[in-house]
Amino acid sequence: MENKHKRPILFRGEQLGRPGKSPNGFSTDKVYPRTYEEALDFVKGELSDTVHDVSEMPTNIRTSEVVLTVKMAKGFLAKSYTPDMFFKHMNLVPVGSKVLMEDGVEKKLQFVRAKPSTLKEDIDQISKEEHSGFKTDLRKIDGLSVRNDVYDKVVGFDDSKDSEMLYDIEIILHAFSGDNRDEAVRKLQSFIGVDYPIRAKNYDSDGPTFVFVRLPIHIIQQLKDFNPLRTAHPFKFRMFENPYDKAVPATRMNLPSFATGNVEELPTVGIFDGGVSRSSEFMKPFVTKEIPLVDSISERAHGTLVAGTVIYGDLEDADNIRNVFPRAKVLSVRAFPETADQTSFDIIDGIERVVAANPDIDVFNISFGPDEPIDDEVTRFTYAIDRMAFKWHKLFVIAVGNSGQQADILKRIQSPSDAVNALGVGAFCRSKLNGLTRAPYSSIGPGREGAKIKPDILALGGSPEVPLNLIGELPNVIYKALGTSFAAPEVAAQAAIVLANTDHQEIDFLAAKALLINGAKIQGDRASNENGWGFLIESSESLLTSDESSVTVVFSGSTFAKVYTNLRIPVPQNISAKSVRLTWTTVTLAEPDPNSSEAYTHVAVEETLYPDEDQLTASGNPKSKSANIFPKGVSETGRRKRYDWDTTVKHSRSVKPQNLKQPYLRIHAMTRDASEVEVDYAIALRIDVEHYDGDLYDDIRNEYKVLEPVQLSAQVQQNIQN
């Protein structure tokens, strides 16, 4: 249909919800590797070996409490299988977990603290326990050790490195509390020597200790013997090559003609980068302030181009530029590079202060981070971002890195773009024929547990053949640039514009994230490690509008575990169309757990599509298997492979109109334990029809009167009317 009538998207979709029925449960008999008698002998033997190992352990590599690793048997991955009764009766205190790949099979490692004096008593006590739950717990255990060789704890270092050079590293210590935590930090300082001062950071009384230090390689190699160690990895922020291929003179560009009041109305994006040069008249009016977390300005050229991307975007027709139009302004935080006196931990401290002190800024951009691929352990930077997003309700937009052309694991995304509550942005590029493809340099997934699909989306990042055209330090100069550093601020600007042009009571930061991802175009029908959930090619204005044949509805709210809600999909009854396509993105807000890398998110929202409410089985599930997005009866491994625990999930289904009868999404919150915590969510759902005999937007509004149009700003309303 030509000349489509653009109208605001609809919200209050959650008002279409009604209580749903809990489906019948699913259970299966677990396969235990040993009988109780066999398990008793096995665990007693493991404990005896552990007592011996602890007695032989030098006191300089352990504290008054030691950390044991309990390996679970195959198939016992879910949190519900934690041998809590065994831990309680044996005086073992859980401090975290992770998954180990052993002979191609995932096995869960449980970490526990114990006092050496009680371990020998445990051996005698274990045979006396008669509780059936305790006996069952014994059968789940496939190993118990105090040795630090159960998995590689020191990763990412090359033994051939310069022996005299100091390397920036992050050490993560297991969760100790109170005096024992202080003792662990003191012991670590003593172990590595006073010549290498450490910086330690704790967030929670029951959380890990993050440590920054600069060490020579021979001491790094010895860290594996330190018992409280969970992991150690490189932690040096990446530096940038010349951020542009070349700078070319532009035909005289006219300065933006903006009254002070109009500038104030522009949305603000907080930028953590190398600072912004305000010598250019094209930049100065739109930089609200610069906060210098570091003294160095060596990366100011990079930061200025990032700011230029937020303010002006890519100037496609660089040969014929006359007028430029700002769309946003920036708060510049000069947050890198590191120096001898300002470490990465100092910078993260500063970022946390800035976010807390600027509650009026909803979106922050980060285009730098540690120059290493993520592993399954959580860095302090990633945890800090997730924690701030959860606490302050902010949207962090983060470049995934430019390592996509490196070998094997080195091309994996870089921290903190793996943050589960953030938007990790990769880059796509255009061919000279305007085709779209992932930029070869753009780092790829997978992400971490809780956000396995990373990047979240790709934005235009340019290529050597077709680079971006950006405004930077010098007036009347176009900078030819490329990289995920400039793809991310494009997304940040779009997110800020969405939020600034709507009422926060209608579209919040979760809904904005859902709209951005739902509007991204997937290449093919599936998300991937290369392309994430799709290419962002829609403008913020397009994301906020519907028309006669494509309508977007936003559902926002909260839900609880064990509570099922049916969210009605507002399709007109007896819809007459050739086809109906439903595309929806669900975003949840998760409190991160740095102790458990495989259970970093404790909550998620599970969905099931019901196209026809009459076509149900006796157990309450859809009769059509293809419609049941999340069938019951899957293992924890299966759930994680299908992204069930992820904070962002996108689906798209084409359904025959005759099969749509009072369709709805059944949602409920999943928690890894028995808690009934409240979970915030947002769903952006788009309904597309082909050959529809009518106006879909008007028909939906007439039939579902609780839905309301989002209140758009006067500027956006004017644009969509023209």
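The model is predicted, so local features need pLDDT of at least 70 and side-chain atom pairs count only at pLDDT 80 or more, while totals for chains, interfaces and linings use all residues. Residues are numbered from 1 along each chain as its sequence is written, and side-chain values use heavy atoms, with hydrogens and water left out.

**Overall form**

- The C-alpha trace of the protein chain spans about 80 × 70 × 40 Å along its principal axes.
- Of the 722 residues of the protein chain, 59% count as buried, where buried means under 20% relative accessible area, exposed over 50%, and partly exposed in between (1.4 Å probe, protein chains only).

- By the rule used here, in which a side-chain nitrogen of Lys or Arg lies within 4 Å of a carboxyl oxygen of Asp or Glu, the count comes to 34 salt bridges.
- One of them joins the side chains of Asp 137 and Lys 140 at 3.0 Å, N to O, and both of these residues are buried.

**Other salt bridges**

- Arg 300 forms a salt bridge with Glu 473, with the closest N and O atoms 3.9 Å apart.
- Arg 300 counts as partly exposed at 28% relative accessibility, and Glu 473 is likewise partly exposed, with a relative accessible area of 22%.
- Lys 452 and Glu 449 form a salt bridge whose closest N and O atoms are 3.5 Å apart, and Glu 449 is buried, with a relative accessible area of 8%.
- A network of salt bridges links Arg 34, Lys 71, Glu 102, Lys 107 and Asp 142.
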